[in-house]
Amino acid sequence: MDHKIGVYIDTGYGIGEALDIEALSSVATSEFKATVCRADSYWSDPEKLAIIRNDIATEGLTAVIIAGPSSRVFQKEFTFENIITERINLREHVVWCHPANDEDTQMLAEDYMRMGITKTSKYEDRPSFTEPQEKSVLVIGGGVTGLTASLGAAGAGYQVYLVEKEPKLGGWLNKFSKVFTGKPPYDQLVDSPIQEKIKAVESNDKIRVFLGSRVFSISGAPGMFDVIIRPDGPWIEELDEIQNRWLAEKKARENKGTEEPEPAQTSQEEAAKLPPVPETLDFDHQQVAVGSVVLAAGWRPEEPSGLEKFGYGSYPDVITNIQMEELAAKGKLVRPSDGKEVNTIAFVEMVDDQIEHPWLYNSAVGSLVALKQAHYLRKSNPNGKAYIFYENMRAPGQYEKFYRSLQDDPGVFMSKGTPVAVTNGGSSLTVELKDTLLGEALKVKADLVVLSTGMVPVTKDSSVLNLKYRQGPFLPENPYGFNDSHFICFPYETQRTGIYTAGCVKGPQDILSCETDAMGAALKAIQCAELVSQGKAVHPRAGDESFPQIFTQRCTQCKRCTEECPFGAYDEKPDGTPLPNPSRCRRCAICMGSCPERIISFRDHSVDMIGSIVKSIEVPDEYAEKPRVVVFICENDALPAIDMAGINRLTYSSYVRFIPLRCLGNINMVWIADALSKGIDGIMLIGCKYGDDYQCHFVKGSELAEYRMSKISETLARLVLEPERIRVHQLAIDEYSTVPKLIDDFVETLSGFDPNPYKGF
Amino acid sequence: MAKDIIAEPDLQFTKDLIAAGGGDLKKCYQCATCSVACKVAPDNNPFPRKEMIWAQWGLKDKLLNDPDIWLCHQCNDCSTMCPRGANPGDALKAVRKMVIQNNAKPAFFGKLVGESSMFVLALGIPAVVVLLILLISGFSFPEGAVVYSAHHLSPKDGFIYLPLVQVIFTAALVFSVVSLVMSLKSYWTSLESNNPIPVGSARKGFIPSLLEALSEILPHTTFKECEANNIRYSAHLLTFWGMIGLLVTTTIVAFNVDILGLLPPSQNGPGTIPIKILGNVSAIAFVIGLGIMLFRRLNVPDQAGGSSYFDWFFLLIICVTGVTGVLTEILRLAGMVGGAYVLYAIHLVFVLSLLLYLPFSKFAHLGYRTVAIAWAKSAGRNIMLPTQPKCVNAPTMEA
């Protein structure tokens, strides 16, 4: 569509002194016929903003371009109601990192002007997706996390449906003898506060509780989830079995080959192995519509199979820390074997050095529980002795104070140590350890041996959610079995939009952390329901009103989009074409990059738009000896790194042109072809780190880009070009100081080749 | 050392150590800052880190047979640097007290000296003995110039009947020495049996080891290594040599008076001036040394370490001995006859305490430390600082 564009060039920040502003303005006015073009300093000032507003009103502008500082600053100032706003970064990307009044710098600025106006002129006017309007919250799990999340969401005025598989609320806290206070001086224990929480939930008329029930299925999308709740029964085991088998097969297939799976062949078969949504629900069930979901399904103790070598199962006085809680809850501490009073307890932190990640399910909670249970003994028996053998003693935050109080207790003996064996020592048990702080192998006698076990998320055994998604019923998990969508940056997100995890399902946590976590997840769930009702994306592109649209007529049913979407946004229509669920979408546009037919587009981001930007770059002929490099760059971490390089006045070649992408996973082969046939000499792709410690905001975008580029050699061969003309890089946001080397090295490499022979075609 | 140990923590022992001044020992989390900070710990298996966990774990046998606790001169570098405030210096001191108390023969004396509840009795015994001597001597101040020693009761030719003093004080000394020797002998034996020397190690005999230990103790060589608290080295050196000087003076005078039948120096002419000088200089050194230690204990507890009853008891008797000794002389010279006699009597009470409690009070460290250092020498445990600094540059990672 045709836009009436106003271009506002900022001459502040040294821009006016470094560039020929008149020449730059004439690019906008002569080449592109911008309706308005003004050059002045500091457009973010209120009186200058008034000039822009006046132009919008009097000239009927539909788009405003600010050519000045980075788009990461003055976002609020440069927001105009119903007006497209585009930013050209003349500050960090041009004058702060390239020589002033230099021909190449001027050419760079003018190219950015062309690219910015081209981009703006490609914006399309499409409405946002506001169909999902349901705002109630489904909370799965009635333990301390689920109860807290329910109370939080209900307290904010939202209807809550709470599903608990047990016949009563409270979860593990019903079994715990005492808990930490979380109050100064942090060295005491109190009775579990769970009963008050249960009462509060039961008396809250905004919370509807389903006891002894499980989620049978969840279909739909945020703001319009359809949840079927079914009383607990043998059906859940059958369902889990089918789904787990499906998952195991899927994983086995993925591990077998590093080749990209051929989606068209496998996906249909895969889907067929899952139970379909029954057409008639001929069983006792309840159906509710919810806007978002808090998954607080919690944990189970790690299977005690590894504990056998420490006498678990053979000696009744070797118990797990869970059993110890139950024992302590009964009152006086007596031995399970003969009912005699317990005087000595050895708490042994279990380390299975045979497995790769022995710490996976332990965290600090194991240490805290051992400390807590040692406290039980010392409180009830002044002559009692408690040994605590740990691999890592972890008492984070204020728990340090509890640790110290126990450390000061003369009856508590702590040492690092690796358990070797537990044997019968006559009237008591003998625990054997190696690598202790006492510098020697150690044996101690104990009336009771308490083995700590890990906390396994229940999602390891079951999908719990039973999603009716094209990509399967499970939340995607990280290599360690936890649901994940980049924990460090987005702690509550999962890879299924609108479903937020909280509490121990996310990793071992103490009660206080669970409560905090529950509140966070409840707020996230509310935020999601509210945003999708306004047609906006959730984190990390919160507020984005664009969404992918598919020109289905040209779809070849290759299913790449449905397979590659990291968030499972696409289901499938019976004819095999993708069925978008816009409110599940995070707007990363990875699907746009995946589509070989190039039929997926956003109103402000499309294959055509980026292709046009590439084509708008002015490429000097081969005799000018001015090579051109296009850098497709992830706007989440890599682009800010470039900004930071500018802020730090790091200089690098002015032959490069940055084109920001929502994610490097947007990369479409056609852009590469466009650039090369235009005469661009080299192409770089800069995205986030990937692999185990990935930093991609959309989980696997940069990885996919790398994969796609590995297939580019065909294109290059067809054009008779060197493969070194394309380079893919991973750049973390803190690595900005490497930017000049990164770019200059590439430009240096290109200088070894002839200019791109397609220049001037 | 034994391959593995069966730990049966002695809860009471840990509590005793805590009561004996090791109140913070449970705070240790074995970071080993102390062992690194310590200037005198051997490179191999250094203290006080290992002692800290033994103390936390109430491993009585380990601690009571650990010669390393005596290698510590308590400069308190470890305590000031401890990130956890566990005060390893104080913990070791408490262990030393327990060693003295545990090896006490007869055991009752260990309690008598070590427990604050016994304070009145502990000082009461020597006081009563001295009072009895005074009663027998005929409780009166002689006319004229000050004459402390009476050689005859009638006519009484001095303040206090000397033969009785000699008999009782000598008996006390003999008792102490015998007791100390017995204690040290059993201590040595238990060091031997609990710290087996690795097979093949060269072993030194007792006498050469003892001589080597003394050659280090007399000039306070190791003590001097405690840099942070160097003033304690000087103070202890003054006290130590002051004490020896006073001992020599007393011995010579006793020899002169009792064997040669000469008059005591206080009643004598220029011929005894060297003895007088020795005595006075020693006394001044003794009192100044003690004064410094007392001052620092009261004013710089961070460096001096905590002070338990056991410390105070010994400090009390040794300080009062020194101070009354000096004051007695001053009053005598000032002509305050009555005051001189009274102070002399008090002085005797504390001298007797010092003698009697030698093997049971902190005073016993002179024996235990000597024996432990000798044991370390004999076992080849290096307590001298290596000539090279302990920290060598870490090997570079460049391959």
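A word on the source before the details. This is a predicted model, where local features need pLDDT of at least 70, side-chain atom pairs count only at pLDDT 80 or more, and totals for chains, interfaces and linings use all residues. Residues are numbered from 1 along each chain as its sequence is written, while chains are lettered from A and ligands numbered from 1 in the order in which they are written.

Domains, then. Chain A has domain 1 (1-125), domain 2 (137-233 + 284-300 + 457-533), domain 3 (303-453) and domain 4 (605-761); such bounds come from an automatic or database domain assignment. Taken over C-alpha atoms, the centres of domain 1 and domain 2 of chain A are 47 Å apart.

Next, the contact. Chain A puts in 15 residues and chain B 17 residues, counting two residues as in contact if their C-beta atoms, placed from the backbone, lie within 7 Å. On the chain A side, strand β21 (residues 441-446) gives the most, four residues. A strand here is a DSSP run of E, at least two residues, numbered from the N terminus.

Last, the sheet. Which strands form it, and in what order? Three strands of chain A make an open, antiparallel sheet, ordered β10-β11-β12. Strands pair if DSSP finds at least two bridges between them.
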